[in-house]
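Good morning, everyone. Please bring up the structure on your screens, and we will walk through it together.

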Amino acid sequence: MKILMVCLGNICRSPLAEGILKSKIERESLDWTVDSAGTSSWHIEEIPHKGSIAIAKENGIDITNQRGRQFSVRDFEEFDLILAMDSENYQNIVQLAKDKLQEVKVELLLNYAYPGSNMAVPDPYYTGDFQEVYDLLDLACANLMAELR
Ligand code: 4NP
């Protein structure tokens, strides 16, 4: 299974989602690939936001080796599942899909926490609430693993 987490900047939400899912995968010795990207080009090659680094570290997860990158149409071929943090990310990715097969790879991550809710992961770049984001991502990733493993 190859999973790509996507947000706007690839410095707050998706790097944390990548770190959380990778830590769960390692714990269960699953042979999955997890990566993350942003729909924007604003933070290419940057390290994650200090708030994301801190909340990850509090939970025993090191995300300091991650670097920002922008989503690319090649990711539709590379990944099985592309998980968007909010509906704007979802729309921005889906509009790059070349066919239905690519389009159906894109889902909202929080539908794994709250099925059918189409909830967004609130952006801590604006809210400053990294704990809330961690808790939502942790729940969604736990359910995702239970569903897909
Ligand atoms: P992210 O948050 O999409 O969760 O990484 C943001 C990061 C940076 C900006 C906006 C949102 N920005 O405007 O630079």
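Is R27 buried or exposed? R27 is exposed, because its relative accessible area is 63%, and exposed means over 50%, buried under 20%, partly exposed in between, with a 1.4 Å probe and protein chains only. R27 is found in helix α1. Keep R27 in mind, as we will come back to it.

Some ground rules. This is a predicted model, where local features need pLDDT of at least 70, side-chain atom pairs count only at pLDDT 80 or more, and totals for chains, interfaces and linings use all residues. Residues are numbered from 1 along each chain as its sequence is written, and side-chain values use heavy atoms, with hydrogens and water left out.

Now the overall fold. How many helices and strands are there in the protein chain? The protein chain has 7 helices and 4 strands. These are DSSP runs, numbered from the N terminus: helices are H or I with at least four residues, strands are E with at least two. Starting at the N terminus, the order is β-α-β-α-α-β-α-α-β-α-α. The chain is as compact as a globular protein of its length, because its radius of gyration is 14 Å, close to the 15 Å that the globule rule gives for 149 residues. That radius is taken over C-alpha atoms, and the rule is 2.2 Å times the number of residues to the power 0.38. The C-alpha atoms fill a box of roughly 40 × 35 × 30 Å along the principal axes.

How much of the chain is buried? Of the 149 residues, 50% count as buried. Next, contacts, meaning heavy atoms within 4.5 Å. Take the contacts with a separation of 6 or more: residues 24 or more positions apart account for 72% of them.

Let's go inside. A nonpolar core is a set of buried Ala, Val, Leu, Ile, Met, Phe, Trp, Tyr and Cys residues joined through side-chain atoms within 4.5 Å. Which residues touch the most other members of the largest core? They are M5, L21 and L137, out of 34 residues in that core. At least two residues of this core come from each of β1 (2-7), α1 (13-27), α2 (50-58), β3 (81-84) and α7 (130-148). Helix α7 gives the most, with 9 residues. Look at L21. Not counting residues up to four places away in sequence, L21 touches I3, M5, V34, C141, L144 and M145. There is also a second, separate core of 13 residues, including V6, I93, V94 and L108.

Now the loops. Where is H43 found? H43 sits in the loop between β2 (33-38) and α2. H43 is buried, because its relative accessible area is 16%. Leaving aside neighbours within four places in sequence, H43 is in contact with G9, I11 and G68. Here R27 comes back. The C-alpha atoms of R27 and H43 are separated by 30 Å, with the two residues 16 apart along the chain.

E45 is found in that loop between β2 and α2 too. E45 has a positive phi of about 75 degrees, although it is not a glycine. E45 is exposed, with a relative accessible area of 57%. S29 also has a positive phi, near 50 degrees, and is a residue other than glycine. S29 lies in the loop between α1 and β2. At 66% relative accessibility, S29 counts as exposed.

Last stop: the loop between α2 and α3 (75-78), where N65 is found. N65 counts as exposed, at 62% relative accessibility. R67 is found in the loop between α2 and α3 as well. R67 is partly exposed, with a relative accessible area of 40%. What does R67 contact, leaving aside its neighbours within four places in sequence? R67 is in contact with N10, E45, E46 and I47. The C-alpha atoms of R67 and N10 are separated by 8.3 Å, although the residues are 57 apart along the chain. For N65 and V106, 41 residues apart along the chain, the C-alpha separation is 26 Å.
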